[in-house]
Amino acid sequence: MIFDYPYRATAPEILDDLSLPIQDLSRNLEELEKVNQRLGAYRFLQKALMQLLREEKAQDWTLADLGCGGGDALRYLYDRGEHQSQIANWIGLDHNPRVLEFARTQSLGRTLEYREIDLLDPNADYAAEVGMFNLVLHHFDDEAVIQLLQRAADHCRFIIISDLHRNALAYHAFRLLSLAWRFSYISRHDGKLSVRKSFVRRDWEYILKRVPHREVRIQWHWSFRWNLILKT
């Protein structure tokens, strides 16, 4: 298949269907965690967080995982003990009650809090020093991404973003890996679609022009991921 997507795709992903059978949903969340572990995506996220905590001499901060899904990124960061003295509160926020139940089940024994919240609701109420969007923003069109970041800027001092790079190599690499790893129909479909819905640098430039911030850092990583740190 020829990859030709100069603009972000807009089709909905299967995972966004709130009526998805729980067994299919659970398997997809497990497979997402497997991909992120094997490709080292969590390490890039951790590096960005540690850089921010050191620079700001953080103490007793709250970290809010915005659109936390199954809570995999939050668990990974929590389990790295070096953050424990600087982050006092670990919160996952998502609008899907079933993914939150999965996250709670997977997070037993950890002091992680999960809350149901619609981040696009203008009345959504949360506060944190750091708001984190991990593989969330590509689910939304540009205008919704801008709204999410504008509202996060109202609630958080800093925003960390980790998301995919729209690229032909990334698309075909995932297509082959999903077959080799025998992923479910959801992961095979949504993984390829996620790449088509993801970002190139000019997308970030357009979005960030409309989001208030004092400073932004953008880094690209070899596994076709963008990491951004916004100081709001």
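Tutor: A charge sits over a ring if NZ of Lys or CZ of Arg is within 6 Å of the ring centre and within 35 degrees of the ring normal. The model is predicted, so local features need pLDDT of at least 70 and side-chain atom pairs count only at pLDDT 80 or more, while totals for chains, interfaces and linings use all residues. Residues are numbered from 1 along each chain as its sequence is written, and side-chain values use heavy atoms, with hydrogens and water left out.

Arg 38 meets the charge criterion over the face of Trp 181, at 4.8 Å from the ring centre.

Next, the rings themselves. Searching the whole structure gives seven aromatic pairs (rings of Phe, Tyr and Trp, its six-membered ring, with centres within 6.5 Å; planes under 30 degrees apart are stacked, over 60 edge-to-face, the rest tilted). One of them is Phe 174 with Phe 183: the centres are 6.4 Å apart and the planes are at 45°, so this pair is tilted. Phe 174 has a relative accessible area of 15% and is therefore buried (buried is under 20%, exposed over 50%, partly exposed in between, with a 1.4 Å probe and protein chains only). Phe 183 is buried too, because its relative accessible area is 3%. Another pair is Phe 199 with Trp 204, which is stacked because the centres lie 4.2 Å apart with the planes at 25°. Phe 199 and Trp 204 are both buried.

Beyond four places in sequence, Ser 178 is in contact with Phe 183 and Arg 188 (contact means heavy atoms within 4.5 Å). Its side chain also reaches the backbone oxygen of Arg 175 at 2.9 Å.

Helix 7 (residues 185–197) has 13 residues and spans 18 Å from first C-alpha to last, close to the expected 18 Å at 1.5 Å a residue (expected span: 1.5 Å times one less than the number of residues). Its buried residues include Ile 186, Leu 193 and Val 195. Among the elements covering them are helix 1 (22–38), strand 5 (156–164) and helix 6 (168–180).

Further along, Arg 217 is in strand 6 (residues 215–221). Its relative accessibility is 25%, so Arg 217 is partly exposed. The side chains of Arg 217 and Glu 55 are joined by a polar contact of 2.9 Å (N or O atoms within 3.5 Å; within protein, one must be able to donate a hydrogen and the other to accept it, and residues adjacent in sequence count only if both atoms are side-chain atoms). Strand 6 runs antiparallel to strand 7 (residues 225–231), with seven bridges joining them (two strands pair if DSSP finds at least two bridges between them). The bridge partner of Arg 217 in strand 7 is Ile 229. Three residues lie between the two strands of this hairpin, in which Phe 224 takes a positive phi near 60°.

Technical notes:
Helices (H or I, at least four residues) and strands (E, at least two) are DSSP runs, numbered from the N terminus.
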